[in-house]
Every structure is written in C-alpha cells, then in structure tokens.
Amino acid sequence: SAVIADIRIALCNSSFVRRVDIWTECSKGLLPTVSTSGGVAASYGSGYALEVMRGNGENMDLSILNTAENPIPTHAYAAFLAVILGGIQLTRPKGTSSHKYLGYTWVLLMLWVSISSFWIQTIKIIGPFSPIHFLSIFTIWSVFEAIRSARNGNIIRHKRMMKLLYILALIVTGLFTLLPGRTMNAVLFGV
C-alpha cells in the first residue's frame, strides 16, 4: 500500500514551538501549501522550520537526493525553497521593500529551477526533452513578464502571473516528481 508523507511545519514564537499538521492548517487557510518536491529540515529567518517525514514516522532519505546526478539536488532544493518563500510571499503584505527583496529571491530560485531542468532528462519524449521542459520555457518567460507588469504598474496582471507560476510551475509540477521511478518518490517513500 502507498505511504503518504506526513508533512509538518514548526512555527516558532520566542521560546515556544508549536507543531501543526500542515494539511489541517492549509484546509483552514492558515498556512501556504507546501510541496514535497524539495529538501527537509530547513530553517527560515522569521521562525519557520519544516520537517518532512514518511507516513511510518521515518525521516526522508535525503542521501538519495544528495547523491543523485547533477543538477537534481540543487534543482530540488531550489524548488523546495521556492515553494516555501512563495507561500510566505503570497500571505504577506504587498508593495513593501521586503516584498520586493523576497520576490527577487523567489525569481532567482525559479529561474534556477527552470534553467537547471534542461539538464534533467529522465523522461525523454521529444529527443532528450519532455513536456516539463516546455513548462520551463513558459516559466522563464512568465517570470520576466510578471516583473515587467509590476514595473509598468499592472499589478493585477503581476499578481495573477505570480500566483499561476506558484501553482503550475511549483505545486503541480512538484506532484509529478512523486511518480514512481523519480528521485523524489524514492526520497519520500523509500521505493
């Protein structure tokens, strides 16, 4: 039977640490959804920490990811960070200097994830490429268009493009990394 990963996020407030089941909290709209397409046990400046465990209580086997062929490890960790930063970004006030700095960090992560994907060729449908690589081209174009929209004052278009990028290029694509035979499937489910 399939094992579903148990994903928890620890929210730190001073010396108090509270663990919450992220799926419960997401269903209440309290936390951004977190993809399992990246690393584990990372700490984020404002007190966020993430722990990903297998359904049987074992930690993920990151040695599988860390020893994978390049650029898979950096691609996965960048995608994971982009999921976290993007989720935080979507919940914070817009138009502030921290929004811009966090946004540019997210953009750099997205560009690395998109560009590095061209050297990951585990699914070959069109020569060495797969439909995911078309999404990478679309992502690169969308990132620059979203920035251009914000600079030109078209904030509605900027918001729409960034939200779509987050959902399509990270969450949906991240789910495809869980297919049998993929590196992240082995990391999360030990198969």
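**View 1. Packing of helix 5 against helix 6.** In this predicted model, helix 5 and helix 6 pack at an angle of about 155°, their axes lying 9 Å apart. Axes are lines fitted to C-alpha atoms over the stretch in contact, and angles run from 0 to 180 degrees between N-to-C directions. The two helices are therefore roughly antiparallel (angles over 145 degrees). Contact, meaning heavy atoms within 4.5 Å, involves residues including Trp141 and Glu145 of helix 5 and His158 and Met162 of helix 6. Helices are DSSP runs (H or I, at least four residues), numbered from the N terminus.

**View 2. Packing of helix 3 against helix 4.** Helix 3 and helix 4 pack at about 150°, with 9 Å between their axes. Among the residues in contact are Leu85 and Gln89 of helix 3 and His99 and Trp106 of helix 4.

**View 3. The largest pocket.** About 540 Å³ of space lies in the largest pocket. On a 1 Å grid over the protein atoms alone, a pocket is an open set of points where a 1.4 Å probe fits, with protein on both sides within 12 Å along at least five of seven lines; lining residues have an atom within 4 Å of a point. The volume is the space filled by probe spheres set on the points, which are joined across faces, edges and corners. Of the 20 lining residues, Gln89, His99, Ala150, His158 and Met162 are the closest to the centre. Helix 3 (72-91), helix 4 (97-116), helix 5 (131-151) and helix 6 (155-176) each supply at least two lining residues.

**Notes.** Residues are numbered from 1 along each chain as its sequence is written, and side-chain values use heavy atoms, leaving out hydrogens and water. Local features need pLDDT of at least 70 and side-chain atom pairs count only at pLDDT 80 or more, whereas totals for chains, interfaces and linings use all residues.

Methods. Parallel < 35°, antiparallel > 145°, perpendicular 65-115°, else oblique.
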